[in-house]
Amino acid sequence: MSTITLASKRRRSALRTAAFMSPWLIGFAVFFAYPMISTVYFSFMQYDGFKPPTWSGTKNWTYVFEHYPYFWPALRNTLWLVLITVTLRVAFGLGVGLLITKIRTGTGVFRTLFYLPYLAPPVAATMAFAFLLNPGTGPVNSILEGIGIPAPGWFNDPSWSKPALTLLALWGIGDLMVIFMAALLDVPREQYEAAELDGASAWQRFRFVTLPNISPIVMFAVVTGVIQTMQYYAQPLIAGKVASGVIQGAGTQFEPGYPDKSTLTLPQLVYNLGFQRFDYGSACVVALVLFALSMAFTALLMRRRGGLIQAGD
Amino acid sequence: MTQVLDRPVELPAPVSPAERTARRRAFLEWIAIHSLGVAVALFFTLPFVFVFLTSLMSDSQALSRDLIPHTWEWGNYAKVFDTPGFLTWWKNTLLYAGAGTVLTVVSSIPVAYALAKFRFRGRNLSLMLVISMMMLPPQVVVIPMYLFWAKQLDLSGTLWPLIIPMAFGDAFSIFLLRQFLTTIPNEYLDAARVDGCGELRTLLRVVLPMAKPGIAAVALFQFFYAWNDYFGPQIYASENPGAWTLSYGLESFKGAHHTDWNLTMAATVLVMAPVILVFFFAQKAFVEGVTLTGVKG
């Protein structure tokens, strides 16, 4: 008797869980599991969206890795952005976070001003920087030339386009600033006082008290920075489009990566292959590379021991 | 002459030389930190200032290297609104952001609640899958999704392929809400259950009122996400300018207006302004959300 009620109780609670989870369970199946399997399937098919798909073995894979002219430049750009932009963003975010914890007068005003650029919609922010940095009439180059510094070509020069994107990324540092600020305020005061009593200099206090305390947050910032770089799409695309002067609209085809493939990123290749060349199979190959890279870094975030996002209780 | 004092003079306490140097150092430090603060603030604000000033220049001046407008052309903003399509883009953006936000919040709350408060097999696995979906670039699954919406449901040229999925929970919102709900003590839930509330009533009557800040943060993030989205409208709406959003349409400004930068910058200001206004009204919820998605210690 009692086992029956227990079983029915358990069934009821399983049903209840399923009911609460149902929106996501459906979403997971339709918008994640199905398209993932489908992406793997299409990566071995020749398909242009009109003629029915035909099996093509590893042809798409060899095409992407060996013949597609954009793949390796995009990967090299991603590596550049990871090494330089992510590093600078973490360093600058930490610096601004430190600065805001030291500011005593007008803290609220400073914090709001530092935070605002992060909110600027990416397309609008990129348009703004494309204007600010344009070599013809841009205010930045006007000022640089005014004080006698040779002005770079920014988004129009292959060796300056990624530094210009970095500048844009540093401008929108607000998210990291807030996270670092919260972490810095959590460092126990006693540790600073003890260090001071021991005669530690400001640098030593930072190196031996602050850094060890916030190192999980630094790791978090680095890993999420890398994941964001994998997804980097609108900014490099818009910067390239605006700088090249291509007008959006029917009949115009924009060759991505202007100038000279220097702003190509992996997500742009999915668009280029799938929606400009109608080579869905090869687009799926790039999508899977993007998937593997993103998941590798997400796994870093979720590692069981010392993981940065605790999945368990 | 003798000064008549009606109040005792408070003499400053004698300051030892050591304390005096300490004070001087503190003062110099204050100067150094706040000058650095002003310099950094200029880096963050000057781009806004130059964009705004340029948006008010005359057509001919926008082609020059001047930094400050000679005449203040407020009419530029009227011209932007008169651009064919601009009001439609506003309407579409509000639909995408508004409907999307409501659907996301409603569908994500029960999932987040189950993940935070129910004990069931596969809970950790579900949470890990949610985090994985959150980190997934939208481009990874876009080919099959496009074929699904465009070829099977014939919905390309509309924003529905972007809005409908939001009725099925959004990974980021689920994660953020779950983080928030775990901070609510179980005693409140137990009390409600003892009073005879079912899970749904407990969620609606007890949990939701306590979760308001978390819900506000999720709603804001989702609104901003839709407002800023470029890739989604580019895939599904690009073929039909009647379905464009502001973030997607903005780029076409530079092309359509041969009068150089002034109108483009006015349009840029108009795309930025609502987001910043919303932020000022909801600053607290927003910053809370950012810290919440960052890790707990």
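This is a predicted model: local features need pLDDT of at least 70, side-chain atom pairs count only at pLDDT 80 or more; totals for chains, interfaces and linings use all residues.
Local features are given only where pLDDT is at least 70 and side-chain atom pairs count only at pLDDT 80 or more, whereas totals for chains, interfaces and linings use all residues. Residues are numbered from 1 along each chain as its sequence is written, and chains are lettered from A in the order in which they are written.

View 1. Helices here are DSSP runs of H or I with at least four residues, strands are runs of E with at least two, and both are numbered from the N terminus. The loop between α11 (234-244) and α12 (266-276) holds P259(A), and the peptide bond leading from Y258(A) to P259(A) is cis, with omega near -5°. Most residues other than glycine have a negative phi, and most peptide bonds are trans. K261(A) counts as partly exposed because it has 19 C-beta neighbours inside 10 Å; with C-beta atoms placed from the backbone, a residue is buried if 20 or more others lie within 10 Å of its own, exposed if 12 or fewer do, and partly exposed in between.

**View 2. F278(A) in the loop between α12 and α13 of chain A.** Because F278(A) has 12 C-beta neighbours inside 10 Å, it counts as exposed.

**View 3. The contact of chain A with chain B.** Two residues are taken to be in contact if their C-beta atoms, placed from the backbone, lie within 7 Å. Chain A brings 78 residues to the contact and chain B brings 71. On the side of chain A that touches chain B, helix α1 (residues 2-42) gives the most, with 17 residues. That side of chain A has 59 nonpolar, 14 polar and 5 charged residues, where Ala, Val, Leu, Ile, Met, Phe, Trp, Tyr, Cys and Pro count as nonpolar, Asp, Glu, Lys and Arg as charged, and the others, Gly among them, as polar.

**View 4. Packing of α5(A) with α1(B).** Helix α5 (residues 122-132) of chain A packs with helix α1 (residues 17-55) of chain B at an angle of about 80°, their axes being 10 Å apart. Axes are lines fitted to C-alpha atoms, for helices over the stretch in contact, and angles between N-to-C directions run from 0 to 180 degrees. The two helices α5(A) and α1(B) are therefore roughly perpendicular to each other, on a scale in which angles under 35 degrees count as roughly parallel, over 145 as roughly antiparallel, 65 to 115 as roughly perpendicular and the rest as oblique. From α5(A), residues A128(A), F131(A) and L132(A) meet P47(B), F50(B), V51(B) and T54(B) of α1(B). This contact has 6 nonpolar residues, 1 polar residue and no charged residues.

**View 5. Surroundings of M177(A).** Leaving aside neighbours within four places in sequence, M177(A) is in contact with G93(A), V96(A), G97(A), I100(A), F114(A) and Y115(A).

**View 6. F224(B) in helix α11 of chain B.** F224(B), in the helix formed by residues 212-228, is partly exposed because 18 other C-beta atoms lie within 10 Å. Between the C-alpha atoms of F224(B) and A116(B), which are 108 residues apart along the chain, the separation is 25 Å.
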